[in-house]
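Here is my note on the structure you asked me to look through. Please keep the sequence and the 3D view open while reading.

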Amino acid sequence: MADEGRPAVRGRGAAYDQRRDAILEAVFTIVDTEGAEQITLRRVAERAGVSVGRVQHYFPSRDDLVLAAFTAITERGARQVEDALPRHPDGDPPAEVVRAVVGELIPRTSEERRMFRIMQAFETYALTRPRLADRIKQDYDGLITLLALLLHQHHGDRDAADSAFVPQARELLALTTGLAGLTIVGTITPRQAHDIALRRLDAILDDRSRPDGGG
């Protein structure tokens, strides 16, 4: 009998991925409509139209299921950002790349707004769950590192380390996530949020003073 602690290798392929994705989509729907606290193996199985055993075949425990769903959300966001990046034969100018990244952090379509709501629900849920909270922090730290690297490359300051641009990167992340939240509740439009974020980014890109390197 196959070990239910992990998916069997046999059967991997398109059908395997489709069944797994259908289960994760059921998690997304529950989180968006009922809240992350309502995730159980049985509720997910009912929503996905499969047995509890089928869910456990892919995700042995509730924690595994929650973490996999969160990972799928972040990977989807990363692909969205990557797809939006400019493409130049000789490489993308750092300023254009960072503009694309910042722009994609603002949800515009109904599906992007749905994904942002789900991400917010996961972040609230993680407040009392260290394993998930650590993963969320790692993802944000990785994004800050990327933004700091791009800012460093844009300014071309060889005497400064990437870390010297972390304060500006943190500011951009805080600004865009805050603006994104305001679009979800309808306080501002996605276009207004996008314009605010890019105005601040342009000011940072145009600032030729040395970063203070503060943390």
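The points below go from the whole chain to single residues.

1. The model is predicted. Please keep that in mind for every value in this note, since each one is computed from a predicted model.

2. Start with the overall make-up. The chain contains 9 helices and 0 strands, so the pattern read along the sequence is simply α-α-α-α-α-α-α-α-α. The chain has 215 residues, of which 38% count as buried.

3. Next, look at the pair α4 and α6. Helix α4 covers residues 62–84 and helix α6 covers residues 110–125. Their axes are 11 Å apart, and the helices pack at an angle of about 140 degrees. That angle makes α4 oblique to α6, because an angle has to be over 145 degrees to count as roughly antiparallel. The crossing of these two helices is left-handed.

4. Which residues of α4 and α6 meet? On the α4 side they are R62, V66, A69, F70, I73, T74, R76 and Q80. On the α6 side they are E111, E112, M115, I118, M119, F122 and Y125. Sorted by class, this contact has 9 nonpolar, 2 polar and 4 charged residues.

5. Helix α6 also packs with α7. The axes of α6 and α7 come within 9 Å and cross at roughly 125 degrees, and the two helices are therefore oblique to each other. From α6, the residues F122, E123 and Y125 take part, and they meet L132, I136 and Y140 of α7. This contact divides into 5 nonpolar residues, no polar ones and 1 charged.

6. The largest nonpolar core has 32 residues. Those with the most contacts inside this core are L24, V27, I39, V44, L65, F122 and L132. The elements giving two or more residues to the core are α1 (14–34), α2 (41–48), α3 (52–58), α4, α6 and α7 (130–155). Another core, of 30 residues, lies apart from this one, and its members include A164, A197, L198 and L205.

7. What does I39 contact, leaving aside its neighbours within four places in sequence? The list is V27, I30, V31, V44, R62, L65, V66 and F122.

8. Are they buried, partly exposed or exposed? A84 has a relative accessibility of 32%, so A84 counts as partly exposed. D83 has 65% and therefore counts as exposed; the cut-off for exposed is over 50%.

9. Both of these residues can be compared with A100. A84 and A100 are 16 residues apart along the chain, and their C-alpha atoms are separated by 6.3 Å. D83 and A100 are 17 residues apart in sequence, with 9.6 Å between their C-alpha atoms. Not counting residues up to four places away in sequence, A84 touches A100 and E104.

Methods
Residues are numbered from 1 along each chain as its sequence is written. This is a predicted model: local features need pLDDT of at least 70, side-chain atom pairs count only at pLDDT 80 or more; totals for chains, interfaces and linings use all residues. Side-chain values use heavy atoms; hydrogens and water are left out. Axes are lines fitted to C-alpha atoms, for helices over the stretch in contact, and angles run from 0 to 180 degrees between N-to-C directions. Helices (H or I, at least four residues) and strands (E, at least two) are DSSP runs, numbered from the N terminus. Angles under 35 degrees count as roughly parallel, over 145 as roughly antiparallel, 65 to 115 as roughly perpendicular and the rest as oblique. A crossing is left-handed if the near helix is turned anticlockwise from the far one by less than a right angle, and right-handed if clockwise. Contact means heavy atoms within 4.5 Å. Ala, Val, Leu, Ile, Met, Phe, Trp, Tyr, Cys and Pro count as nonpolar, Asp, Glu, Lys and Arg as charged, and the others, Gly among them, as polar. A nonpolar core is a set of buried Ala, Val, Leu, Ile, Met, Phe, Trp, Tyr and Cys residues joined through side-chain atoms within 4.5 Å. Buried means under 20% relative accessible area, exposed over 50%, partly exposed in between (1.4 Å probe, protein chains only).
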